[in-house]
Amino acid sequence: MPTYKLIYFNGRGRAEIARLLFAASGTKYEDCRIEKEQWLEMKPTTPFGVLPILEIDGKKFSQSAAIARYLAREFGMMGSNSLEQLKIDEAIENIKDFAVPLAELKHMTDEAQKAERMKKLREDLKPKTLKWLTNQLAENGNTGFLVGNKISLADIACFTLIHNIMSTGHSEALDAFQSVKKHMECIGNMPAIKTWVDNRPVTPF
Amino acid sequence: MPQYKLVYFNGRGRAEVARLLFAASGTKYEDHRIEKEQWPALKQKVPFGVLPVLEVDGKQYSQSGAVARYLAKEFGMMGCNNLEAFKIDEAYENIRDLCQALLGQLFETNKEEKAKKLQKIKEDLMPKTLKWFTNQLKENCTCGFLVGKKLSLADVAFFSLFDNVINMGHGKALDEAPTVKEHHTRIGNNAAIKKWVQTRPKTDW
């Protein structure tokens, strides 16, 4: 088993999916959270000047999506064949196309741009993504998973997005998408995930 | 061998990496290009209302990144083990970040923002990316590929990116990164890639 160290700020942000993968698979790792001041010093020593970084036996890798896909493959959570893997990959990219613009909203200062972004989220990205997830759950025979018959990276990414929406006071967004809400609850009730979510540091992001 | 059909507009855009993978691997596929007028009707019929779409034996999949990684894996261009796949994936995401920044700058309508974005690319993202890729080529000095001992998705995507960088008038950036420039030339001279580039439809983008 390699020695894993995940380096990020003290927040969920771009590292939480990796942390959930470690939790779901029961794999030990060092959850290294750094302060902003430490980052300024560390930044020049990192491969691309960004976080998160995954260290595997001391070797550093960046890019949160590549990290997530690597860990999912290692832990058997990237499908049972290459078409399932494609479906999972498609799902996480669709989720990211909604989650990233949504996360960026809170950092936007220009009011006109912020209003435009909110409109795009409300009228396009949100309904499109939640509808796609609803269809995918149904197409997968309502097994409780998005793809295949066991938990995958797609379920973890979906859980993260929906849990964020629900716990930031926007639960009405899920009113018309009950199967997606139920999926989030089921994934969240899996013992390893529940233990992690109940015990992880509580952070503003 | 599955039946492949790649559906996109008549341009390189988000489909060109997939087309290069088909070409490099010598795999037959239908390169289906649609006109802008056909798009509104087709948009209702594709999984996420976006292109490109890859059809595999008639089943549709979207998300250019997921499609590229799937095809690369099918064609033996995603590394020989999970760590190589990770490195290739990391490289692809770094390429994508630069691509997105370049496109964002190209399509920015606000003059001030446009200039700001160009400055950030010239002073930060472009040199940072070129440095990462130079280091990666030097670290993998055996065979002239970005990762491992053979052509991978990383080489193909990087070649395609810098093709676009040159076409957009930023070719001078490569002059300051001779290792990267040499890699770009060498991948371009791969027989199958060269043939595709010479015979593909000529489009503005």
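The axes are lines fitted to C-alpha atoms, for helices over the stretch in contact, and angles run from 0 to 180 degrees between N-to-C directions. Helices (H or I, at least four residues) are DSSP runs, numbered from the N terminus.

This model is predicted: local features need pLDDT of at least 70, and side-chain atom pairs count only at pLDDT 80 or more, while totals for chains, interfaces and linings use all residues. Residues are numbered from 1 along each chain as its sequence is written, chains are lettered from A in the order in which they are written, and side-chain values use heavy atoms, without hydrogens and water.

The predictor gives the complex an ipTM of 0.94 and a pTM of 0.95. Chain B averages a pLDDT of 94 (the predictor's confidence in each residue, from 0 to 100).

**Helix H8 of chain B**

H8(B) covers residues 178–188. Its buried residues (under 20% relative accessible area, 1.4 Å probe, protein chains only) are Val180(B), His183(B), His184(B), Ile187(B) and Gly188(B). Seen down the axis, these residues fall within an arc of 130 degrees, so they line one face of H8(B). The arc is taken from the directions from the helix axis to the C-beta atoms. An α-helix has 3.6 residues a turn, so residues three or four places apart point the same way.

What do the buried residues of H8(B) pack against? They pack against H5, H6, H7 and H9 of chain B. Two of these pairs are set out here.

| Pair | Angle | Axes apart |
|---|---|---|
| H6(B) and H8(B) | about 105 degrees | 9 Å |
| H5(B) and H8(B) | about 70 degrees | 8 Å |

H5(B) and H8(B) are therefore roughly perpendicular to each other. Contact means heavy atoms within 4.5 Å. H5(B) brings Leu130(B), Phe133(B), Thr134(B), Leu137(B) and Lys138(B), and H8(B) brings Thr179(B), Val180(B) and His183(B). By class, that contact has 4 nonpolar, 3 polar and 1 charged residues.

H6(B) is also roughly perpendicular to H8(B). On the H6(B) side, the contact includes Phe158(B), Phe159(B) and Phe162(B).

**Ala157 of chain A**

Ala157(A) sits in helix H6 (residues 153–167) of chain A. Is Ala157(A) buried or exposed? At 4% relative accessibility, Ala157(A) counts as buried. Leaving aside neighbours within four places in sequence, Ala157(A) touches Ile17(A), Ile92(A) and Ile95(A).

Notes:
Buried means under 20% relative accessible area, exposed over 50%, partly exposed in between (1.4 Å probe, protein chains only). Helices (H or I, at least four residues) and strands (E, at least two) are DSSP runs, numbered from the N terminus. Angles under 35 degrees count as roughly parallel, over 145 as roughly antiparallel, 65 to 115 as roughly perpendicular and the rest as oblique. Ala, Val, Leu, Ile, Met, Phe, Trp, Tyr, Cys and Pro count as nonpolar, Asp, Glu, Lys and Arg as charged, and the others, Gly among them, as polar.
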